[in-house]
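Thanks, I will keep this brief. Please have the sequence and the structure open while I talk.

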Amino acid sequence: MVNNKSMKYTGKIRPIAGTKDPKTGEILYPYIPDDELINAVNWAIHLNRPLLLEGEPGGGKTELARAVAYELGLEYRSYTAKSTSKAQDLLYFFDTIGRLRDAQLAATTLFANDPQEIDRIRDTDTYLELGILGEAFQSEKRMVVLIDEIDKADVDFPNDLLQELDKKQFTIRELNKVIVNKGESPIIFITSNSEKRLSDAFLRRCLYYYVKFPEEKRLNEIIQERYKQEKSKPQPKLLKKALEIFLKLREKMVEDEEERETTKKISTSEWIDWVKLIAVEPKEFTQQLEANKLPFAEILLKSQKDRDDYLDLTWLEEEDIAVLK
């Protein structure tokens, strides 16, 4: 069994942007955590506790779990909660109806001369499908599990997972069978956008970290990492202008938050998309800026009120506009 102390996340072993996951085919990107977040991950690993991540939508909470799995070379599983989600979805599904149907068929002459089919029907595993937590508990190899947007589900969803997260085991009621964790406990990440308050009992079982909006240096690092291998890179001069505008727009949105119709402040996700378009359309970016318009506003402004307030760059100070020209 691997000692938890020997498994440490550094945040420095990252995929090259655009790399395909050989197992899932998904595109991977480097994730740049701050030192406090790295510590929180390692404490969660050491204590075998889930790490609950809160923060603004688009702030990078979801991608952390995949980044940890990549660096540590572990299997990765994810589940995104919905309003209809039940805790059991994470544990298992047992096809009771299918089993009853097959048992009735087995009692007829249909399968009388098919011992393999009879054995299949008698095997309860035929009707059992494990969810991502069930699979992680049954795996002899350690896994990374992401439970994404837990606050989207009903309030009972997190509360029905209390013992499972604490004891790392669950019961298949249909078989009266207890499934216990076989190997190393999975490394569990849970994300929330704070749309619902989570119970004290649930919070007691987790470590907690609030993913803050990145500072200027880290926003720049994110772009530099993403475009290391790209042929079409954002021009340094335009990137500098873009970063200044982006940070000033976010600052203005925070100041105006009580008057705004939307609570969606621009975040890391919008920053990445914005730069991606600037890289391929530098001329258009410059032309819109010269026209005193916010370039590619569709990426940054998510309501008509925001377009009315920020589409024209009149909200910038005169000295800022002069610098950006």
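The element that gives the most to the lining of the largest cavity is α2, with 4 residues. Keep in mind that this is a predicted model. How much space lies in the largest cavity? About 60 Å³. In total, the structure holds 4 cavities of 30 Å³ or more.

Now the sheet. There are 5 strands in an open sheet, and the pairing is parallel. Reading across, the order is β4-β7-β10-β3-β11. The edge strands, β4 at 75–80 and β11 at 207–211, each pair on one side only. On average, neighbouring strands of this sheet are turned by 20° against each other, with direction ignored.

Take one pair in detail. Strand β7, residues 143–148, pairs with β4 in the parallel sense over 6 bridges. Within this part of the sheet, Tyr76 stands opposite Val144 in β7.

Next, the helices on the sheet. Helix α1, residues 35–47, packs on the sheet and touches β3 (51–55), β10 (187–192) and β11. The direction of α1 makes about 160° with that of β11. Helix α2, residues 61–72, also packs on the sheet, with contacts to β3, β4, β7, β10 and β11. For α2, the angle is about 165° with the direction of β10.

To tie the two parts together: α2 packs on the sheet, and α2 also gives the most to the lining of the largest cavity.

Conventions. Residues numbered from 1 in each chain as written. Predicted model: local features only at pLDDT ≥ 70, side-chain atom pairs only at ≥ 80, totals over all residues. Heavy atoms only, no water. Pairing = 2+ DSSP bridges. Axes fitted to C-alpha atoms, helices over the stretch in contact; angles between N-to-C directions. Contact = heavy atoms within 4.5 Å. 1 Å grid on protein atoms, 1.4 Å probe; cavity = no way out; pocket = protein on both sides within 12 Å on 5 of 7 lines; lining within 4 Å. Points joined across faces, edges and corners; volume = space filled by probe spheres on them.
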